[in-house]
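Please open the model in a viewer and follow the selections below in order. Each stop gives something to select and a description of what is found there.

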Amino acid sequence: LGTGTVTVGIHIAAPGLALKPGSAIDQLGRQRLSTVYMPGYKITMLPDSVVQAYTLMEGRDCPAVSLYVTFSESDLTVQSAETRLERVPIVANLRHDQLDQTINREWLENEASETPVDLPVERSTLAFFWRLAQTLKARREVVRGKPESFNRPDYSFKLDRPSNEAPPKGDETVLIGVRQRGSPLDLMVAEAMILANSTWGQWMASLGVPAIYRSQASLAPGIKVRMGTKALPHAGIGVPCYAWSTSPLRRYTDLVNQWQLIACVRHGATAALAAPFKPKDAELFGIISGFETAYTAYNTHQSSMERFWTLQYLQQNAVEEVEATVFKSFEGEPPM
């Protein structure tokens, strides 16, 4: 518009606008603490009716906590940020499994390349987000001191069955695919989430509102990521602080942070007095402890289920010999 700036909106589903701490649904969420994922099935943290009511679904206006970040058009430096509570019309959902092969680097960077599918968004818009994501990533890598590497592929497990509403029986046909991390769509979403989590974390800290943060003092061997209530740097990501806030439907830490964020939007400088959780609140530390225990257990369960279905795949396809890459970490050395 000739202003020399461009404003990007990042919109997060907002169950925290209706759910209240201490309510029956909150108590269920606090018991589960996270959605549990496994091949062909998941146990949602919140009841499915709640998830469906608040998820950002195509074709309807959805309540959202929105972050608007204004960038300089020339070099994409951040000029300002504003957070709003609002309803957002969801025009379309773009899905990785359907579009990763289409929205690739060549298509985004070459205006002459053909568009093989009918997309509900202009190529120029996605090309801008691709440029922005690469810029944000490069700046984080300067802080990190070294580039991030995506040398480990992600594996997707799909079970051939009519419905995912009930747990698998164990004899379904399993399909295993490879999704390389760092694809353009993946990077666009990841950088938007990092930007939101970092920006919101810094804002809450500036208002004296406690939140749940993830931090890492350095990238030195043996220095692990920790959870706490202080806005400390996260060396692994390369940001001043990092407050999980972008998945309130599937992680309880994010729902807690959303309640705190809502207080910041509504009360500004006096948010610390109105926020559900106060500084040094023992309840926050209890949530952190419970979440870490549950999250570790859930990840272990997911890994066990993936191992089971991997063995099923080998058996179903009569695979007797495979080529493999082995990843092993040694104390004091980087993963190989």
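In this predicted model, the lining of the second largest pocket comprises nine nonpolar, five polar and three charged residues. To find this pocket, select Val78, Leu136, Leu195, Ser198 and Val239, which lie nearest its centre among the 17 residues that line it. The volume of the pocket is about 320 Å³.

Next, colour β5 (78–89), α5 (123–144) and α6 (184–206), the elements that each give two or more residues to this lining. Which element supplies the largest share of the lining? That share, six residues, comes from α6.

Keep α6 selected and consider its length. Just after α6, select Gly208, where phi is positive, at about 75 degrees.

Now move to a pair of helices, α7 (residues 252–267) and α9 (residues 282–316). Their axes come within 10 Å and cross at roughly 155 degrees. Because angles over 145 degrees count as roughly antiparallel, α7 and α9 are roughly antiparallel to each other.

To display the contact, select Tyr252, Thr253 and Val256 on α7, together with Leu284, Ile287 and Phe291 on α9.

Key. Residues are numbered from 1 along each chain as its sequence is written. This is a predicted model: local features need pLDDT of at least 70, side-chain atom pairs count only at pLDDT 80 or more; totals for chains, interfaces and linings use all residues. Side-chain values use heavy atoms; hydrogens and water are left out. On a 1 Å grid over the protein atoms alone, a cavity is a set of points where a 1.4 Å probe fits but cannot get out, and a pocket is an open set with protein on both sides within 12 Å along at least five of seven lines; lining residues have an atom within 4 Å of a point. Grid points are joined across faces, edges and corners, and a volume is the space filled by probe spheres set on the points. Helices (H or I, at least four residues) and strands (E, at least two) are DSSP runs, numbered from the N terminus. Ala, Val, Leu, Ile, Met, Phe, Trp, Tyr, Cys and Pro count as nonpolar, Asp, Glu, Lys and Arg as charged, and the others, Gly among them, as polar. Axes are lines fitted to C-alpha atoms, for helices over the stretch in contact, and angles run from 0 to 180 degrees between N-to-C directions. Angles under 35 degrees count as roughly parallel, over 145 as roughly antiparallel, 65 to 115 as roughly perpendicular and the rest as oblique. Contact means heavy atoms within 4.5 Å.
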